[in-house]
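Open the model in your viewer and keep the selection tool at hand. The stops below go from one element to the next.

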Amino acid sequence: MAEAGLQVIKLKDCDPHFMNEVIAAGGKNVQLCYQCGTCTGGCPVAHLMDYPPRTVMRMVQLGMKEQVLKSATLWVCASCNTCTTRCPRGVEIAKVMGALKSLAIKEGVAAKNPLGPVFYKSFLDSTGTFGRVFEPKLMLDVHLKGDGSIAQGIRGLLREAPFGMRLAMRGRVALLPEAIGHKEQMKKIYENICKMECLHE
Amino acid sequence: MSEIAVAEKAVPQEAAKPEEKKALRFAYYPGCSLTTSAKDYNMSVIEVAKALGLELEELEDWSCCGATAAYSVNYLLSLALPARNLALAEAKGLDIVTPCPECYYRLWAAHDSMGEDPKVLEKVNKAMDGTGLKCAGSVDVKHILDVLVNGVGMEAIAKKVVRPLKGLKVVPYYGCVIVKPPRKSRFDSPENPMTMDRLISALGAESIQWDSKTRCCGGPIMLTNEKAMLNLSRDLLAKAKAAGAQAVVLPCQLCQLALDGKQTAIEEAFKEKIDMPVLYFTQLMGLAFGIEPKRLGLDKNLVSVNKLLKSIGISS
């Protein structure tokens, strides 16, 4: 964790517009954080983060864009919303994490956990194409499209195989994706949002 | 004048026979997992609803809510994906009910955001331009636990119990997003929810008080950070065991996949035997209602429920 020790923050390296970018991307009330640390105190995965939630909120306020968007914290967050629930200032911390993830993906900043962006992309591709999520594809994509080697990916899949088999034997695995009737509506929504938000999808 | 007289007459009659109140009807939104990896949850919801006369009409052509993925990629998408479903339900004039806590959260968050700010509503409708769908915000979103306990009611549920689950001790595990973050019109406390506790007691079982009712199981990071997920879920299972529980009872299919599905992986990683059955609250209800275990999907658990069924007098 980066909480211990002092570090010099050079304001000339900070981006004064960053906080507003985060708010526009859904990070409601991040400007209100007064650094009490309730979020970090209740976070079940804070010990796995490079910057705990409280620090991330301050970094956003200061405009430390590069460090925040490259932080592993974003991909460790399990979106459990304990922080948001307890924040005495009404900062929607889990949504701030979501906004930061979306900016990190949009800016193409290399994340320390490459599986997160791959997982989300696979999920949303499925939703955009079929209208519903196709669970087996998520597992394939996470293992084969992460930044590890193909051999690593295959080893990962083999490790998951017994789990998949146990689910399959109980009829809990779909072999084919289930599609909705009006798939064209999904395509339209994705197209509209790309136009409205200038996404690079 | 005569209308008033009729209305006045009707009130005491209704009060005398509460069981004859109008049947509750909802647009049913199962969510993607309930059609595949959580079929058992879907089966038990449908069985229990049928037994209680709760009408669930599957929302025709429903689509994915976007879950954690949408809001991690684009905020507007995280509102537009639920909005498509809200628009479909509006056309039917029915409120939505869903068993999936994540879908519940995404749907209510979109519904409430659009209701609070007309500019958001306008933007989301613009995102649906050309689909022929439009949201006005006229239907609400509820979770099936809320509808069963507070809508159908504990009295009606207790009346259906033919096999009281006497002697069965379980821990109620709510997971996160069913109560967190708290909605303005919330149905239970985010820190110490009690809805499922009361339900479990009404079924005749003992609901153990423990400190991890809403502690995260790590489900959402199962595929991206498995080690962290195994640690979180292992903590929960160990605590459930220490509390003397014979099973974990929950309302979330992702928690079920973590605690039941990954239990073998946890046992292997920590070199310990856990053997803790994990049941949906609707499966527990169905058992107390005398419904056959197979019809509740109880043959789909990865951790065997046979010992548990035996303890309440059901041979499998």
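Two strands pair if DSSP finds at least two bridges between them. Helices (H or I, at least four residues) and strands (E, at least two) are DSSP runs, numbered from the N terminus. This is a predicted model, in which local features need pLDDT of at least 70 and side-chain atom pairs count only at pLDDT 80 or more, while totals for chains, interfaces and linings use all residues. Residues are numbered from 1 along each chain as its sequence is written, chains are lettered from A and ligands numbered from 1 in the order in which they are written, and side-chain values use heavy atoms, with hydrogens and water left out.

**Stop 1: β5 of chain B**

Select residues 169–172 of chain B, which form strand β5, and then residues 206–207, strand β6; the two run parallel and are joined by 2 bridges. B:Val170 lies opposite B:Ser207 of β6(B).

**Stop 2**

Next, show the open sheet of chain B with the order β2-β1-β3-β4 and parallel pairing. Its edge strands, β2 (55–58) and β4 (141–143) of chain B, each pair on one side only. Within chain B, β1 (residues 25–28) and β3 (residues 96–98) are linked by 2 bridges in the parallel sense, with B:Ala27 partnered by B:Ile96.

**Stop 3: two helices**

Select α4 (residues 75–92) and α6 (residues 118–127) of chain B, which pack at an angle of about 75° with axes 9 Å apart. Axes are lines fitted to C-alpha atoms, for helices over the stretch in contact, and angles run from 0 to 180 degrees between N-to-C directions. α4(B) and α6(B) are therefore roughly perpendicular (65 to 115 degrees). Contact (heavy atoms within 4.5 Å) involves B:Leu76, B:Leu79, B:Ala80 and B:Ala83 of α4(B), and B:Val120, B:Lys123, B:Val124 and B:Ala127 of α6(B).

**Stop 4: between the chains**

How many residues does each chain bring to the contact? Chain A gives 61 and chain B gives 62.

How values were computed
Parallel < 35°, antiparallel > 145°, perpendicular 65-115°, else oblique.
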